[in-house]
Amino acid sequence: MEIRFEYYMDFLGQPQWISGDHYARNSLFGIDDEEFVLAPIYQNWSQALLAILGVSQIDGILPISKPRGLPQNCNSLTIDSISQEGAQPRQYSWQTLDDLLNYAPEKLPILKRQGYVHKAELENVRQGKEPQIFWNEVHEQLKTNFEWTEWEYEDHTIDELIRAIITRACQTYFYESDKDIISKGKTLRIIYWHE
């Protein structure tokens, strides 16, 4: 999954979408040929979030919208970065911060999981919290510390994505408050694609 961030503003007398992507020095420069690499706005993709964003399907999860394709008014840096990635995406789409904020909490997906959970975490799991870690298999000698468990939980990765967008927007708009950023929700968008 790839994602780019854009914001809308008047630039040199022309209102337009501007790339808000950040780049960082590549720690492998010299070994790897790129001196600077994209600092992703978000990386914690879950299957539920992909379904919410409409790039995959999971029964019971309503997407915000069907894939919208690339916006016609994409910033040229965004288009160039897509070309440089050599992406052969299945689907492009985009959402504004407002779109994400308006995704109703009652639509948050309830997901089912199963696995070996450490006994110290079982009570939290029974209360609907996601365990810190779980395993599909555990070595026989360790099984006394783990228990095979099935649980349901609400997936909140959309909230994490919203927080990442607000954080990047605060950096872009010179650290305005969250409230100010949220008021600009129609002028902040992510463009994403799934390969």
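This is a predicted model: local features need pLDDT of at least 70, side-chain atom pairs count only at pLDDT 80 or more; totals for chains, interfaces and linings use all residues.
Student: How many helices and strands does the chain have?

Tutor: H5 is one of the helices of the chain, and E1 is one of its strands. The totals are 6 helices and 9 strands.

Student: In what order do the 4 strands of the open sheet stand?

Tutor: The pairing in this sheet is antiparallel. Strands E2 (14-19) and E5 (91-96) each have a single partner strand, so they stand at the edges, and one side of each is left without a neighbour in the sheet. From one strand to the next, the twist averages 25 degrees. The order is E2-E1-E9-E5.

Student: Which residue in E9 is the bridge partner of Tyr 7?

Tutor: Strand E1 comprises residues 2-11 and strand E9 comprises residues 188-194. The two run antiparallel and are joined by 6 bridges. In E9, the partner of Tyr 7 is Leu 188.

Student: What angle does the direction of helix H5 make with that of E1?

Tutor: Helix H5 packs on the sheet, where it touches both E1 and E9. Its direction and that of E1 make an angle of about 40 degrees.

Student: Is Cys 170 buried or exposed?

Tutor: Cys 170 has its place in helix H5. Among the buried residues of that helix are also Ile 158, Leu 161, Ile 165 and Ala 169. A residue counts as buried under 20% relative accessible area. The value for Cys 170 is 10%, so this residue is buried.

Student: What distance separates the C-alpha atoms of Cys 170 and Thr 187?

Tutor: Along the chain, Cys 170 and Thr 187 are 17 residues apart.

Student: Among contacts between residues at least 6 apart in sequence, what percentage join residues at least 24 apart?

Tutor: The chain has 195 residues, of which 39% are buried. Its C-alpha atoms fill a box of roughly 65 × 45 × 35 Å along the principal axes. For contacts between residues at least 6 apart in sequence, the share joining residues at least 24 apart is 68%.

Definitions and conventions. Residues are numbered from 1 along each chain as its sequence is written. Side-chain values use heavy atoms; hydrogens and water are left out. Two strands pair if DSSP finds at least two bridges between them. Axes are lines fitted to C-alpha atoms, for helices over the stretch in contact, and angles run from 0 to 180 degrees between N-to-C directions. Contact means heavy atoms within 4.5 Å. Buried means under 20% relative accessible area, exposed over 50%, partly exposed in between (1.4 Å probe, protein chains only).
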